[in-house]
Amino acid sequence: MQATADSTKMDCVWSNWKSQAIDLLYWRDIKQTGIVFGSFLLLLFSLTQFSVVSVVAYLALAALSATISFRIYKSVLQAVQKTDEGHPFKTYLELEITLSQEQIQKYTDCLQFYVNNTLKELRRLFLVQDLVDSLKFAVLMWLLTYVGALFNGLTLLLMAVVSMFTLPVVYVKHQAQIDQYLGLVRTHINTVVAKIQAKIPGAKRHAE
């Protein structure tokens with residue numbers, strides 16, 4: 001019964017996180033999204049200029065400077081006003097942040113599911129269970145060699161973050177036109193794939 005309750009609670013938490021992520025990406029709270037988006041950009045730009053160790057150290061120093069200054073300020077204020085409000089971060093210090101065994105098991109099972117599915121898909125592609133799918137994968141890898149030659153990992157990550165915070169809004173505003181063009185592209189791709197399958201004997205024949 002307890003495990004079921006914990007599982008239901010975790011599902012609610014995951015649903016809440018997913019809802020918050022959607023709200024961020026669709027700019028439903030402009031101020032909150034702006035802060036998160038700006039923080040990501042600042043972090044990624046910092047990583048392009050400094051090493052990961054330096055960025056982590058600077059962020060830790062900035063956080064410590066803010067919390068120590070606030071703690072000293074509140075202590076002085078309490079001494080002057082002769083009040084006893086206690087530790088300014090008492091609420092956060094008492095906040096429960098540990099994971100239960102059931103929660104750890106749930107996350108582990110979820111990770112195991114995705115890893116196993118990924119390994120099965122890679123095995124299917126590399127061992128050419130479906131010739132057309134393997135060819136499409138090979139074309140994708142070939143295109144990525146050019147992408148890798150033009151951009152480094154941080155640049156691609158920066159572009160991905162910018163796309164995450166801009167493309168959903170653009171899609172919502174121009175959904176009809178985008179769906180129309182995507183439909184044309186999808187139709188063209190399906191036509192090309194069908195022609196390739198017709199010309200390659202056994203293209204759809206799966207390995208026994």
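Is threonine 33 buried or exposed? At 0% relative accessibility, threonine 33 counts as buried (under 20% relative accessible area is buried, over 50% exposed and in between partly exposed, using a 1.4 Å probe and protein chains only). The model shown here is predicted, so local features need pLDDT of at least 70 and side-chain atom pairs pLDDT 80 or more, while totals for chains, interfaces and linings use all residues. Residues are numbered from 1 along each chain as its sequence is written, and side-chain values use heavy atoms, with hydrogens and water left out.

**View 1. Threonine 33 and its surroundings.** Threonine 33 sits in helix H2, residues 30-49 (helices are DSSP runs of H or I with at least four residues, strands are E runs of at least two, and both are numbered from the N terminus). Beyond its neighbours within four places in sequence, threonine 33 touches Asp23, Leu24, Trp27, Arg28 and Phe165 (contact means heavy atoms within 4.5 Å). Two of these names turn up again in one aromatic cluster, made of Trp27, Phe37, Phe40 and Phe165.

**View 2. H2 against H7.** H2 packs on helix H7 (residues 153-173) at about 170 degrees, with the axes 10 Å apart (axes are lines fitted to C-alpha atoms, for helices over the stretch in contact, and angles run from 0 to 180 degrees between N-to-C directions). H2 and H7 are therefore roughly antiparallel (over 145 degrees; under 35 is roughly parallel, 65 to 115 roughly perpendicular and the rest oblique). Among the contact residues are Thr33, Phe37 and Phe40 of H2 and Phe165 of H7. By class, this contact has 13 nonpolar, 2 polar and no charged residues (Ala, Val, Leu, Ile, Met, Phe, Trp, Tyr, Cys and Pro are nonpolar, Asp, Glu, Lys and Arg charged, and the others, Gly among them, polar).

**View 3. H5 across H6.** The axes of H5 (residues 101-126) and H6 (residues 131-150) come within 8 Å and cross at roughly 100 degrees. That makes H5 roughly perpendicular to H6. H5 brings Leu122, Arg124, Leu125 and Phe126 to the contact, and H6 brings Asp133, Ser134 and Phe137.

**View 4. Aromatic pairs.** The whole structure holds 8 aromatic pairs (Phe, Tyr and Trp rings, the six-membered one for Trp, with centres within 6.5 Å; planes under 30 degrees apart are stacked, over 60 edge-to-face and the rest tilted). The rings of phenylalanine 70 and phenylalanine 89 have centres 5.6 Å apart and planes at 45 degrees, so this pair is tilted. Phenylalanine 70 is partly exposed at 36% relative accessibility, and phenylalanine 89 is partly exposed at 23%. Phenylalanine 113 and tyrosine 114 form an edge-to-face pair, 5.5 Å centre to centre with 75 degrees between the planes.
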